[in-house]
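Let's take a slow walk through a protein model.

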2 protein chains.
Amino acid sequence: MQLVVPVSGSDPKTRLSAVLTPAERREFTEAMLADVLSALRGAGHSPSVVATAPVACAAPVTVDERGLDELINALLAEADGELAVVMADLPLLRPSTVEALFEPDAGVVLVPGIGGGTNAFVSRHPAFRVDYHGASIRDHRRNAREAGASVTEVDSRRLATDVDEPKDLAEVLLHSDGAAADWLRDAGFELVVDDGRVTAERA
Amino acid sequence: MQLVVPVSGSDPKTRLSAVLTPAERREFTEAMLADVLSALRGAGHSPSVVATAPVACAAPVTVDERGLDELINALLAEADGELAVVMADLPLLRPSTVEALFEPDAGVVLVPGIGGGTNAFVSRHPAFRVDYHGASIRDHRRNAREAGASVTEVDSRRLATDVDEPKDLAEVLLHSDGAAADWLRDAGFELVVDDGRVTAERA
């Protein structure tokens, strides 16, 4: 089964603009992508990357400027619905997490992100299609049901933790020692505990 | 093994004050507790509740005004370290999630919450003790190691999702149809998608 990692190569992770410069956001995006690719390969997969602009990574990259829905739905149609997609901003992934994603024997396996997104899916059903806008996990549950596919979800904090906002950086420092965590530490970020809340802040 | 659910009975969930009155926070706290107890019993356990003030629930309740660390460490000492603790604000729990918590055969099994807390643990080691202040998952990893216990962690979004802040309410509506979700719907909360972010708002 084809396994695709979509990534924004042009102006990624704009919601991190308050703490990272544009160049830093690109570097950090590539570090997170490296962690995701490493986990996927560690679980025996051969992922390919589809990016809106060139990115540096240890996998074949196709540059494709189409929006995410159009791109993934074209790939689904070409592959008769046999496709796995894992987002590029999941730096907590481990090979064992990836194995859990591919374990369920369902027509469509969905992985919710914190906040209602869909951080990964495995489709084995010809009629499944995606719609990443809004609370996409609800739409994907409905799309899969309406396609007549059996649906299951994977319960994983590591797969659910996509890094979009400054508060998410603490999760990387708390739960990873991969490339993204290294990049944050090299950039001067450290965990700060204040009033019972944990944040990643630049020293 | 004794399984304890600690809960604040007096003025619970103060970080939800912006959206819930004090009486509503108590009701919602009891609804979340009902979901947790239901999942624990569904997995074959007989939990008991320790509350700082009386709470309504379908389990034996002990009222104990001690702070969380003092309370849990006293229970650990009494039980020679054989104790499981599951927090009361985890309304996404299911019996299968609870089974995953008790599956690993380690001296100390830790469950990180989003944000660095420790949402549940299973201890089978006489020297393990807790310290819930700050980024407690880091302290508990260290405490377990220093006690000489084998340590493992359970990777579960459902166990990681503790409900503390208004943004967390969306997770309940997205991923549960239990008592807490019912309570929110009856109180007029519904999912609102705005600019790609999902929130639970009162109609």
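Predicted model: local features only at pLDDT ≥ 70, side-chain atom pairs only at ≥ 80, totals over all residues.

Two packed helices are described by the angle between their axes and the distance between the axes. So let's do that for a pair in chain A. Look for helix 1 of chain A, which covers residues 22-42, and helix 7 of chain A, which covers residues 179-186. Their axes come within 7 Å of each other and cross at roughly 150°. Since angles over 145 degrees count as roughly antiparallel, helix 1 of chain A is therefore roughly antiparallel to helix 7 of chain A.

Which residues in helix 7 of chain A meet helix 1 of chain A? They are A:Ala179, A:Ala180, A:Trp183 and A:Leu184. From helix 1 of chain A, the partners include A:Phe28, A:Ala31 and A:Met32, along with A:Glu24 and A:Asp35. If you sort the residues of this helix contact by kind, you get 8 nonpolar, no polar and 3 charged.

The size of an interface is often given as the accessible area lost when the parts come together. Between chain A and chain B, that buried area is about 2300 Å², with carbon and sulfur atoms giving 54% of it. In chain A, the residues that lose the most area to chain B are A:Asp155, A:Arg157 and A:Leu174, together 26% of what that side buries. The contact takes 27 residues from chain A and 27 residues from chain B.

In one salt bridge, B:Glu165 pairs with A:Arg197, and their closest N and O atoms are 3.4 Å apart. Several elements of chain A each supply at least two residues to the side touching chain B, among them helix 4 (136-146), helix 6 (169-175) and strand 9 (197-202). That side of chain A divides into 9 nonpolar, 7 polar and 11 charged residues.

Finally, find A:Glu165, in the loop between helix 5 and helix 6 of chain A. What does the side chain of A:Glu165 reach within its own chain? It makes a polar contact with the side chain of A:Arg15, at 2.5 Å. The side chain of A:Glu165 also makes a polar contact with the side chain of B:Arg197, at 3.4 Å. Leaving aside neighbours within four places in sequence, A:Glu165 is in contact with A:Arg15, A:Leu16 and B:Arg197.

Notes
Residues numbered from 1 in each chain as written. Chains lettered and ligands numbered in written order. Heavy atoms only, no water. Axes fitted to C-alpha atoms, helices over the stretch in contact; angles between N-to-C directions. Helix = DSSP H or I, 4+ residues; strand = E, 2+ residues; numbered from the N terminus. Parallel < 35°, antiparallel > 145°, perpendicular 65-115°, else oblique. Contact = heavy atoms within 4.5 Å. Nonpolar A, V, L, I, M, F, W, Y, C, P; charged D, E, K, R; others polar. Buried area = accessible area lost by both parts, 1.4 Å probe. Salt bridge = Lys/Arg side-chain N within 4 Å of Asp/Glu carboxyl O. Polar contact = N/O pair within 3.5 Å; in protein donor to acceptor, adjacent residues only side chain to side chain.
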